[in-house]
Amino acid sequence: MDTFDAPDGIRLALHRSGSGDPLVCLPGGPMQASAYLDDLGGLSAHRRLLIPDLRGTGASEVPAGPDSYRCDRQVGDVEALREHVRLERFDLLGHSAGATLALLYAARHPERVRRLVLVNPSPRAVHLEISDLDRRRVAEERRAEPWFPEAYAALERVQTGQATPADGRALAPLIYGRWDAETQAYSAREAGQKNNVAAAAYYADGAFDPYEVRARLATFPAPVLLITGEVDLQLPPKPAAEYAGLFPQAELAVVPGGGHFAWLDDAEWFVQKVTGFLNRA
């Protein structure tokens, strides 16, 4: 593990794995320790992965107060990482809420990003609304699964403001493309990897103006790959296509049967899509 200093002096952890051209990968959660990304389904066999623990997560230092957890205020941390590893231009990947940070960095420093990969990105930064009906339609595609009745009932309670403390766990099978021993263990580890105080501050008021973000993306010069899952509740394929359409040069790739963790759903598919995109001339 390596470390580097953020602009405000907070010491941040940087995990390196693999070999080849560097790929900076930003974890989501929001504010989940980067361990959940692992090597992104084997991507480290093709790329040198540079994965930070965002401030207050994993092995990174915890700031004195929560204000610096706001996502736009962490753009400087990504720039500090770039300076630390001495890259003029680099490939950037972000997952889920980490894709928001990647997006804000790319909007502020477009000249630094060679290619941008958004994996199951949150739609919040571009004010892309996914309706409750859209989410239910995606969920209903999984009606044949044995866990479906309990998970769907939890989804309905969440959407009607009647959620119980147990509903987060009940919903978990709908987040993944498959619900087996591997993904159940993966999901169970999440609580211990997340900084809830930081997560609450990540999208605080003032973090971004979605219309300004959209305006900047409309002139973003680098190629973009947006990956989502066929049954991703947070970004179903139809709004994902709208999201990709915000960029001048973007392509959409949909994991067949995939949920919110593309590399878990089909590691071989994911690695082929990402490396194929990054290796283009």
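Some questions and answers on this structure follow.

Analyst: This is a predicted model, in which local features need pLDDT of at least 70 and side-chain atom pairs count only at pLDDT 80 or more, while totals for chains, interfaces and linings use all residues. Residues are numbered from 1 along each chain as its sequence is written, and side-chain values use heavy atoms, with hydrogens and water left out.

User: Against which helices do the buried residues of α5 pack?

Analyst: Helices here are DSSP runs of H or I with at least four residues, strands are runs of E with at least two, and both are numbered from the N terminus. In α5 (residues 167-175), the buried residues are D167, A170, L171, A172, P173 and L174; buried means under 20% relative accessible area, exposed over 50%, and partly exposed in between, with a 1.4 Å probe and protein chains only. They pack against α3 (132-140), α4 (148-159) and α6 (181-193).

User: Is Q193 buried or exposed?

Analyst: Q193 lies in helix α6. Contact means heavy atoms within 4.5 Å, and beyond four places away in sequence Q193 touches M31, Q32, A33, A35 and Y36. Because its relative accessibility is 17%, Q193 counts as buried.

User: What is the omega of the bond that joins G29 and P30?

Analyst: P30 sits in the loop between β3 (22-26) and β4 (48-52). Most peptide bonds are trans. The G29 and P30 bond is cis, with omega about -5°.

User: What is the phi of S96?

Analyst: S96 is in the loop between β5 (90-95) and α2 (97-108). S96 counts as buried, at 8% relative accessibility. Its phi is positive, though S96 is not a glycine, and is near 55°.
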